[in-house]
Amino acid sequence: MTQVLGVDSSTQSCKVVVVDTATGDVVRQGRSAHPDGTSVDPNAWWHALQAALADASADDSAVLSGVEAWAIGGQQHGMVALDADGRVIRDALLWNDKRSADAAADLTREFGAEELARRTGLVPVASFTVTKLRWLRDHEPDNAARVAAVALPHDWLTWRLRGFGPAGESPRGPVLDELVTDRSDASGTGYWNPETGDYDRELLVAALGHDVVLPRVLAPAEWVTDADGRRVGPGAGDNAGAALGLGAGPGDVVVSIGTSGTVFAVSDDRTVDSSGTVAGFADCTGRFLPLVATLNAARVLDAIARVLGVDHAELSRLALTAEPGAGGLTLVPYFEGERTPNLPDATASLTGMTLASTTRENLARAAVEGMLSGLAAGLEALRALGVPLERALLIGGGAQSEAVREIAPLVLGLPVEVPEPGEYVALGAARQAASVLRA
């Protein structure tokens with residue numbers, strides 16, 4: 001039996017799956033939690049990965065002993081700054097750390113939104129790595145001056161699991177040139193060009209103040225080896241890993257309903273959106289993954305369930321009792337501002353209230369329709385750029401609501417499929433690992 005291993009190092013936790021390549025079955029899996037916060041010591045991820053691997057062990061032997069190839073998927077954008085000895089300089093600023101918002105605005109003023117979108121596929125927001133490097137330069141100049149290499153979470157974990165790291169802490173030592181990544185994660189930095197496949201060193205230097213070692217971007221079927229000679233895939237950013245794990249292809253759009261929402265499609269063609277609504281990411285197969293993010297997704301349902309004093313099952317039942325359109329009751333669900341559209345200071349509003357329309361059932365229906373309408377706006381932004389959309393794959397915790405599943409086709413205007421819940425990022429990494437065995 002040939003086994004491969006896939007890892008999902010997300011914001012919340014590390015998940016690993018060991019997959020039988022002949023059947024696609026998960027034969028072992030493990031998990032370990034990550035610390036909370038928007039600024040995290042990367043060593044916590046390394047310890048969680050080791051704990052998750054131990055959790056997935058079949059017996060007292062190391063889990064990798066039966067594995068022939070592996071790959072890591074992970075949260076995008078997080079800034080891992082390394083010194084010349086391969087040591088982490090400071091806690092990594094994660095995608096959800098907003099302190100670099102002013103740095104994003106500064107970079108946009110300096111280069112222009114259209115120019116940045118053309119060169120990188122992105123218009124800077126606080127999420128992206130390039131803005132975090134500018135923040136480091138401006139606020140911690142001594143730390144910025146020490147930076148010899150910059151990696152992303154999955155890049156750094158791949159490097160460590162291959163046996164590299166600080167002297168005295170790793171068998172292969174601090175060889176910074178052995179850092180590798182993939183095109184999907186590189187495309188979320190803000191200093192990589194998805195058209196040429198090269199880093200934009202001018203933007204990197206404008207952000208950090210000097211040039212540094214960046215991970216080599218591997219081709220989709222390219223591989224390196226770990227200390228024991230196993231093949232190691234390029235890995236992936238979390239959304240690209242999920243698309244691969246789901247088997248999404250051109251014409252598919254993945255609608256992920258978590259605390260926040262993401263809408264991303266697999267496309268043969270690159271997108272450029274100078275408004276910044278659609279991030280022009282690459283995927284991990286050689287295609288592209290244009291993506292729209294919303295701040296208000298499943299927590300919209302949480303908020304209205306609290307107002308009504310019900311659990312999610314009862315909220316779903318109430319929503320399905322009401323007619324489409326909720327009797328004219330409309331919820332604009334910008335409870336904590338919104339990213340798409342870019343309205344950071346907006347608040348939620350409820351309109352269309354009459355004596356007839358203001359019922360528990362209509363309020364529940366308006367919550368589901370309002371949340372889905374925000375995601376539908378993401379679909380429209382993709383359509384406006386010519387991205388083909390034929391089928392929606394609904395994933396995430398919010399997709400487990402019966403009301404969401406039934407109402408989604410009406411609001412999204414597409415056939416909707418709801419895959420079984422699964423660790424799709426880790427499964428995508430395992431699928432990639434299987435592919436490099438065939439390369």
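How many aromatic pairs does the count come to? The count comes to three aromatic pairs, where rings of Phe, Tyr and Trp (its six-membered ring) pair if their centres lie within 6.5 Å. This is a predicted model, in which local features need pLDDT of at least 70, side-chain atom pairs count only at pLDDT 80 or more, and totals for chains, interfaces and linings use all residues. Residues are numbered from 1 along each chain as its sequence is written, and side-chain values use heavy atoms, with hydrogens and water left out.

**Aromatic pairs**

- A pair of aromatic rings is described by the distance of the centres and the angle of the planes.
- Trp-159 and Phe-164 form a stacked pair, because their ring centres are 6.4 Å apart and their planes stand at 15°; planes under 30 degrees apart count as stacked, over 60 as edge-to-face and the rest as tilted.
- Trp-159 is buried, with a relative accessible area of 0%, and Phe-164 is buried at 3% (buried means under 20% relative accessible area, exposed over 50%, partly exposed in between, with a 1.4 Å probe and protein chains only).
- The rings of Tyr-191 and Tyr-199 have centres 6.2 Å apart and planes at 35°, so this pair is tilted.
- Both Tyr-191 and Tyr-199 are buried.

**Helix 1 and helix 6**

- Helix 1 (residues 42–55) packs against helix 6 (residues 153–161) at an angle of about 60°, and their axes are 10 Å apart.
- The two helices are therefore oblique to each other: angles under 35 degrees count as roughly parallel, over 145 as roughly antiparallel, 65 to 115 as roughly perpendicular and the rest as oblique.
- The contact of helix 1 with helix 6 comprises nine nonpolar residues, one polar and one charged (Ala, Val, Leu, Ile, Met, Phe, Trp, Tyr, Cys and Pro count as nonpolar, Asp, Glu, Lys and Arg as charged, and the others, Gly among them, as polar).

**Helix 12 and helix 13**

- Helix 12 (residues 360–384) and helix 13 (residues 402–412) have axes 9 Å apart and pack at an angle of about 45°, which makes helix 12 oblique to helix 13.
- Their crossing is right-handed.
- Among the contact residues are Arg-365, Glu-369 and Arg-383 of helix 12 and Ile-407 and Val-411 of helix 13.
- By class, this contact of helix 12 with helix 13 has 13 nonpolar, one polar and three charged residues.

How values were computed. Axes are lines fitted to C-alpha atoms, for helices over the stretch in contact, and angles run from 0 to 180 degrees between N-to-C directions. Helices (H or I, at least four residues) and strands (E, at least two) are DSSP runs, numbered from the N terminus. A crossing is left-handed if the near helix is turned anticlockwise from the far one by less than a right angle, and right-handed if clockwise. Contact means heavy atoms within 4.5 Å.
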